[in-house]
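Please open the model and display it as a cartoon.

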Amino acid sequence: MAKAPVQKFADRISKFFVPLVIILSFATWLAWFLAGKLNGYPKAWIPSSMDSFQLALQFGISVMVIACPCALGLATPTAVMVGTGVGASQGVLIKGGQALERTHKVNCIVFDKTGTLTIGKPVIVNTRLLKSMVLREFYELVAASEVNSEHPLAKAVVEYAKKFRQEEESPVWPEAQDFESITGQGVRAVVRNKEVLVGNKRLMLERNVAISIDAEEILAETEGLAQTGILVAIDKELIGILAISDPLKPGAREVISILKSMKVKSIVVTGDNWGTANSIAKEVGIDTVIAEAKPEHKAEKVKELQAEGNIVAMVGDGINDSPALVAADVGMAIGAGTDIAIEAADIVLMKSNLEDVITAIDLSRTTFFRIRLNYVWALGYNILGIPIAAGTLFPSTGFRLPPWIAGAAMASSSVSVVCCSLLLKNYRRPKKLDALEIREITVE
């Protein structure tokens, strides 16, 4: 339904091409007719079965018939159709020609961290209590606060808390009142008449919770291990720190390296803390990091990069990434992500593999090269065929292109453009990716 922008090029040419061909056709007939009447060429040139008027008319008809705006019109949509089909078979769902065309220009990719560079299934690996408290009671309060949150880290906390109530198949947590989800910071709730805050350092500072030197050291140690530190405060007093680990996706470092070789810059933009974000970025080989970013900040960063002249792709999986996915020139959603992210994106990576980012860019470049090849063929065919049909070779060689042969040539040009597009069916992703042997990632 939506045309690729490059299709406008064919539309502009066709706008002038058709009237021009009609004028050339009439001019060809008139030139040969006048030349015949004024004895501009020997009478022997005229076949015995016709006169000078009929000869001129055949040249004029041949010019009109051989001209092929159809090949120009078919150059883009056929390649886009085949390219998107090939992408789907490779696990890359491309939503139309506009997304396919823009992707080949991408020179900067913004990656979310959780669920994009990482597997997206975080687990608690350490619990540090700063005050004397029964661990089971501590986790009951934390789980009751987090159970209403949709954030992956919140789900990891609740899942871990279930271990303290293994005797219950589906534990019922204490009732949380006045629940509040603070975007990019954490949650607040009142559980058993106690105000519970679970979130990052920024949440604690904004709610006037003092962070001791010991807590700062624990946080620094946690972030140095590429883990996310979650602070828990009860009644304005910092009680504990949870260390959450979310392992990198297989081959993430290799994918970033391949993108660099393709002259595509990579950036990490995440709502996580700076320490964890820097550790993850260093591990995969990304230099530029933006951390503790709210959803609107992610979109603003994308717009800043665009203002600098970059063609930006955003790769994300969550609700928080949706504004940035929409703002980017090309939004790429992880297939295992949220429905909102998938709806907002232009391209969906169905296998949830980072390698498919490279496949999408490479497929777009290959398809666009094929579109250009189609245009060169279609335009070159007309530039070469029209003069021959007009009789430029007739005086020197006696070669004349009858209308029926011109019609066959016109049809063959359209067929050749379609066949050229169909050769995209033989597309194979870059060989560098085959060496990675990354399997499809499933998130339960």
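Begin with the open sheet of seven strands, whose order is β1-β13-β12-β11-β2-β9-β10 and whose pairing is mixed. Two strands pair if DSSP finds at least two bridges between them; strands (E, at least two residues) and helices (H or I, at least four) are DSSP runs, numbered from the N terminus. At the edges lie β1 (92–94) and β10 (288–290), each of which pairs on one side only. On average, neighbouring strands of this sheet are turned by 20° against each other, direction ignored.

The model is a predicted one, in which local features need pLDDT of at least 70 and side-chain atom pairs count only at pLDDT 80 or more, while totals for chains, interfaces and linings use all residues. Residues are numbered from 1 along each chain as its sequence is written, and side-chain values use heavy atoms, with hydrogens and water left out.

Within this sheet, select β2 (residues 108–111) and β11 (residues 312–316), which pair in the parallel sense over four bridges. Cysteine 108 has valine 312 in β11 as its bridge partner.

Next, select the open sheet of six strands, ordered β3-β8-β7-β6-β5-β4, where the pairing is antiparallel. Its edge strands, β3 (123–129) and β4 (176–182), each pair on one side only. From one strand to the next the twist averages 15°. Helix α6 (residues 135–146) packs on this sheet and touches β3, β4, β5 (186–191), β6 (194–199), β7 and β8; contact here means heavy atoms within 4.5 Å. The direction of α6 makes about 75° with that of β6. Axes are lines fitted to C-alpha atoms, for helices over the stretch in contact, and angles run from 0 to 180 degrees between N-to-C directions.

Then highlight β7 (residues 228–234) and β8 (residues 237–245), an antiparallel pair joined over seven bridges. Isoleucine 230 finds its bridge partner in β8 at leucine 242.

Now turn to the helix pairs. Select α3 (residues 69–89) with α17 (residues 403–422): they pack at an angle of about 20°, with their axes 8 Å apart. That angle makes α3 roughly parallel to α17. Angles under 35 degrees count as roughly parallel, over 145 as roughly antiparallel, 65 to 115 as roughly perpendicular and the rest as oblique. To view the contact, show Cys70, Ala71, Leu74, Ala75, Thr78, Ala79 and Val82 in α3, which meet Ser413, Ser414, Val417, Val418, Ser421 and Leu422 in α17. The residues of this contact comprise nine nonpolar, four polar and no charged. Ala, Val, Leu, Ile, Met, Phe, Trp, Tyr, Cys and Pro count as nonpolar, Asp, Glu, Lys and Arg as charged, and the others, Gly among them, as polar.

Select α2 (residues 52–66) and α15 (residues 355–389), which pack at about 170° with axes 8 Å apart. α2 is therefore roughly antiparallel to α15. Here Phe59, Ser62, Val63 and Ile66 in α2 meet Tyr381, Asn382, Gly385, Ile386 and Ala389 in α15. By class, this contact holds six nonpolar, three polar and no charged residues.

For the last pair, select α10 (residues 252–261) and α11 (residues 274–284), packed at an angle of about 70° with axes 8 Å apart. These two helices are therefore roughly perpendicular to each other. Ala252, Arg253 and Ile256 in α10 meet Lys282, Glu283 and Val284 in α11. The contact of α10 with α11 has three nonpolar, no polar and three charged residues.

Finally, zoom out to the whole protein, with its 18 helices and 13 strands. Its radius of gyration, taken over C-alpha atoms, is 33 Å, well over the 22 Å that the globule rule gives for 444 residues, so the protein is more spread out than a compact globule. The globule rule is 2.2 Å times the number of residues to the power 0.38. Along the principal axes, the C-alpha atoms fill a box of roughly 115 × 40 × 40 Å.
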